[in-house]
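This report describes a protein model, with attention to its charged side chains and their surroundings. The sequence and the coordinates are shown first.

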Amino acid sequence: MMVYYGFVDPSVEAEDVYPFLMASLSNSSVEIPYRGPRLYEEGNLRYENKFMGDTAKFSGTEKIYKDDICIYEASYLGSFTDL
């Protein structure tokens, strides 16, 4: 299970952020399945994902920068759950 909460800088249109966020998330790997990759860049946008732990228990923060200015940030945490 994973929970996360984030925000888009109010000076930026959310429609300008979420397509890039979706592209970033689609580049995650089996080895690092926590949201997106450690780093993803496209044009003047950069996605950074800093996390710790493993699939049993993890937490992290992801950020999107436009021209080196943070325009999106989210924190997340998760772990395996018993069913």
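Glu-48 and Arg-46 are both buried. The two residues form a salt bridge, with 2.8 Å between the closest N and O atoms. The model is a predicted one, and confidence is therefore reported below together with the contacts.

Besides its bridge to Glu-48, Arg-46 meets the side chain of Asp-68 in a salt bridge of 2.8 Å, N to O. Asp-68 lies in the loop between E4 and strand E5 (69-79), whereas Arg-46 belongs to strand E3, so this pair ties together parts that are 22 residues apart in sequence. Is Asp-68 buried or exposed? With a relative accessible area of 60%, Asp-68 is exposed.

**Salt bridges of the model**

The structure holds 3 salt bridges, and they are listed here.

| Pair | N to O distance |
|---|---|
| Arg-46 and Glu-48 | 2.8 Å |
| Arg-46 and Asp-68 | 2.8 Å |
| Arg-35 and Glu-62 | 2.8 Å |

**The pair Arg-35 and Glu-62**

The side chains of Arg-35 and Glu-62 meet in a salt bridge. This pair links distant parts of the chain: Arg-35 sits in the loop between helix H1 (14-25) and E2, and Glu-62 in strand E4, 27 residues apart. Both partners are buried.

Strand E4, which contains Glu-62, spans residues 57-66. Glu-62 has a relative accessible area of 0% and is therefore buried, since the limit for that class is under 20%. The side chain of Glu-62 also counts as making a polar contact with the side chain of Arg-35, at 2.8 Å. Which residues surround Glu-62, leaving aside those up to four places away in sequence? Glu-62 touches Leu-21, Leu-25, Arg-35, Tyr-47, Glu-48, Asn-49, Tyr-72, Glu-73, Ala-74 and Tyr-76.

**Asp-54 in strand E3**

Strand E3 comprises residues 45-54 and includes Asp-54. The relative accessible area of Asp-54 is 43%, so the residue is partly exposed. Its side chain reaches the backbone nitrogen of Ala-56 at 2.9 Å. The C-alpha atom of Asp-54 is separated by 9.6 Å from that of Glu-31, a residue 23 positions away along the chain.

**A nonpolar surface patch**

Met-1 lies in the segment before strand E1 (2-8). At 67% relative accessibility, Met-1 counts as exposed, because values over 50% fall in that class. Together with Val-3 and Leu-77, Met-1 forms a nonpolar patch on the surface. The accessible area of the three residues together is about 320 Å².

**Confidence**

The average pLDDT of the protein is 92, and 99% of the residues score at least 70. Where confidence is lowest, in E1, the mean is 93; where it is highest, in strand E2 (residues 39-42), the value is 97. Where pLDDT is low, predicted coordinates should not be read in detail.

Technical notes. Residues are numbered from 1 along each chain as its sequence is written. This is a predicted model: local features need pLDDT of at least 70, side-chain atom pairs count only at pLDDT 80 or more; totals for chains, interfaces and linings use all residues. Side-chain values use heavy atoms; hydrogens and water are left out. Patches are made of residues with over 30% relative accessible area and no salt bridge: like charges are joined within 9 Å, nonpolar side chains (Val, Leu, Ile, Met, Phe, Trp, Tyr) within 5 Å. Accessible areas come from the Shrake-Rupley method with a 1.4 Å probe; for residues, only the protein chains shown count as cover. A salt bridge is a side-chain nitrogen of Lys or Arg within 4 Å of a carboxyl oxygen of Asp or Glu. Helices (H or I, at least four residues) and strands (E, at least two) are DSSP runs, numbered from the N terminus. Buried means under 20% relative accessible area, exposed over 50%, partly exposed in between (1.4 Å probe, protein chains only). pLDDT is the predictor's confidence in each residue, from 0 to 100. A polar contact is a pair of N or O atoms within 3.5 Å; within protein, one must be able to donate a hydrogen and the other to accept it, and residues adjacent in sequence count only if both atoms are side-chain atoms. Contact means heavy atoms within 4.5 Å.
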